[in-house]
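Subject: Structure handover

Hi,

Here is the protein I promised to pass on to you. Could you open it and keep it on screen while you read my notes?

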Amino acid sequence: GLASVKSSGAVKALDALGAHAETIIRQIELHTPHSANVEGANVELGLDSQYCVRRAEEIRQEYKSEFVKSEYLLLAILEEGKSLASHILKVMDVNADRLKEEIVKLQNHDEDNIASESEAKFEFNATEALDLILTDSLKLRGTSLLSMTDLTKEQIMGIMQVAALMDHSKKTRESGFSWNYPRSLAMIFEKPSLRTRVTFDLGMQLLGGTTTILGPAEIGLGSRESVPDVARNLERWVDAVMARVFEHKVLVELRDNCSIPVINALSDLEHPCQILADFYAILCKKGKLEGLKLAWVGDGNNVLHSLMLGGAAVGMTVSAAFPVGYEPDPEVIAKAREIAGREDAIVLTNDPKVAAADADIVYTDVWTSMGQEKEMIARVHAFRAFQVNEDLMKLTSPESLFMHCLPAHRGDEVTDGVLDGPQSIVFDQAEARLYAQQAVLALTIGP
């Protein structure tokens, strides 16, 4: 089992000692013929294996490691001395002293990696972040955010800095930025939302602002009243408009008919606020955006559109897997590749395993979004092979992240084991919505 895990410390140590894993596997197969009619369930460890497990725990303590590593199990097997595994290792000239030297090298390498990771952590300067709001050096004041194409790489990274200021301010209860005179935000909801409503509403309050919430009963965009007339009214009362709508063209009409910022809180084409929050969550975990590979598994929807456009801007590679017939918009694909300046910035496939291989991040979303309920049965059938589960995550490294913009349909697009597992940062994403949206509000409305 140890010899079959190619990326393990045990295999690396064996290779360094000239005892190649493939040779060991062949030796084991020669000496252990397969038995017929042997049940595999509830099989207990043999005495030699029990010894090795106990000894590996002792070795972990000796090396002061947080985990029982594969190389510790290998050393325990060698020290046990009586088993076939121990015999094969000795025949291949693997001895305990040489193996211990390799374990020390591996441990030092791990510590170097940890050090380099800590150096790569995303850091912000509170003074510089505040200056971005006060001086408008990012040129965002008074502008609308309908698409990730409305932002340059510099502006995205500036928003990340201001989001970090908001994060720090909330967690330390220290004053970061707030308006001296209360600013106001109209929040239009054609679609309901937990995260969007709470984070925009709370975000405005934390900044010293106020909100007016307008649902379908209060405002019928394009039915009870024309979109241009709604826009012309709102600009007389509030400082900005946030809208969560079905059709993207409604946002365009709002923006084109008022002089205040209009912020896309979700449309059928894009979801830029979600992606800004995602980028902040990734930065907090990985320390960078540029050079990372993000694997998308699922529908070619609005979230994927914004991920491709935003990822292209910041230097990420987005590898998207989707069923035939559920592709992302070709114009968005072309635009993302144009922004990135390279074709391979966006990789498209119908195989989730191809997309997920060696990914730093695996991202999925519901198979059926609001407004697509009539397609549910067909979509469940089409997406059945596109579930993010434990087997798919094994194609990535233990340091890879799992992301979902929520709400999740557990057991459909993702298993409980992945959603609640150690690689999942879905609730970090949800928290980051508050900070990223506060940053957008502060920068677009101004001081």
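First, some ground rules. This is a predicted model, so local features need pLDDT of at least 70 and side-chain atom pairs count only at pLDDT 80 or more, while totals for chains, interfaces and linings use all residues. Residues are numbered from 1 along each chain as its sequence is written, and side-chain values use heavy atoms, with hydrogens and water left out.

**The whole protein**

The secondary structure comes to 19 helices and 9 strands; these are DSSP runs numbered from the N terminus (helices are H or I with at least four residues, strands are E with at least two). The C-alpha trace spans about 85 × 50 × 40 Å along its principal axes. Of the 447 residues, 51% are buried (buried is under 20% relative accessible area, exposed is over 50%, partly exposed is in between, with a 1.4 Å probe and protein chains only). Among contacts (heavy atoms within 4.5 Å) with a separation of 6 or more, 72% are between residues 24 or more positions apart.

**Two helix pairs**

Two packed helices are described by the angle between their axes and the distance between the axes. Here axes are lines fitted to C-alpha atoms, for helices over the stretch in contact, and angles run from 0 to 180 degrees between N-to-C directions.

Start with H1 (residues 9-16) and H4 (residues 70-80): their axes come within 6 Å and cross at roughly 60 degrees. That makes H1 oblique to H4 (under 35 degrees is roughly parallel, over 145 roughly antiparallel, 65 to 115 roughly perpendicular, and the rest oblique). Gly9, Ala10 and Leu14 of H1 make the contact with Ser70, Glu71 and Leu74 of H4.

Now look at H13 (residues 302-314) and H14 (residues 330-340), whose axes come within 7 Å and cross at roughly 10 degrees. These two are therefore roughly parallel to each other. Residues in this contact include Met308 and Leu309 of H13 and Ile333 and Ile339 of H14. By class, the contact has 9 nonpolar, 1 polar and 1 charged residues (Ala, Val, Leu, Ile, Met, Phe, Trp, Tyr, Cys and Pro are nonpolar; Asp, Glu, Lys and Arg are charged; the others, Gly among them, are polar).

**Strands**

Four strands form an open sheet in the order S2-S1-S3-S4, with parallel pairing (two strands pair if DSSP finds at least two bridges between them). S2 (210-214) and S4 (262-266) are the edge strands, each pairing on one side only. The twist averages 20 degrees from one strand to the next. S1 (residues 184-189) pairs with S2 over 5 bridges, and Met187 has Ile213 in S2 as its bridge partner.

Elsewhere, S5 (residues 293-297) runs parallel to S6, joined by 5 bridges. Leu294 has Val318 of S6 as its bridge partner. In a regular strand the side chains alternate between the two faces of the sheet. Both faces of S6 are covered: Thr317, Ser319 and Ala321 are buried on one side, Val318 and Ala320 on the other.

**Cysteines**

How many disulfides are there? The count is 0, with a disulfide taken as a pair of cysteine sulfur atoms within 2.5 Å. For Cys284, the nearest cysteine sulfur is that of Cys273, 17 Å away; Cys284 is partly exposed at 44% relative accessible area. For Cys405, the nearest is also that of Cys273, 13 Å away, and Cys405 is buried at 8%.

Cheers
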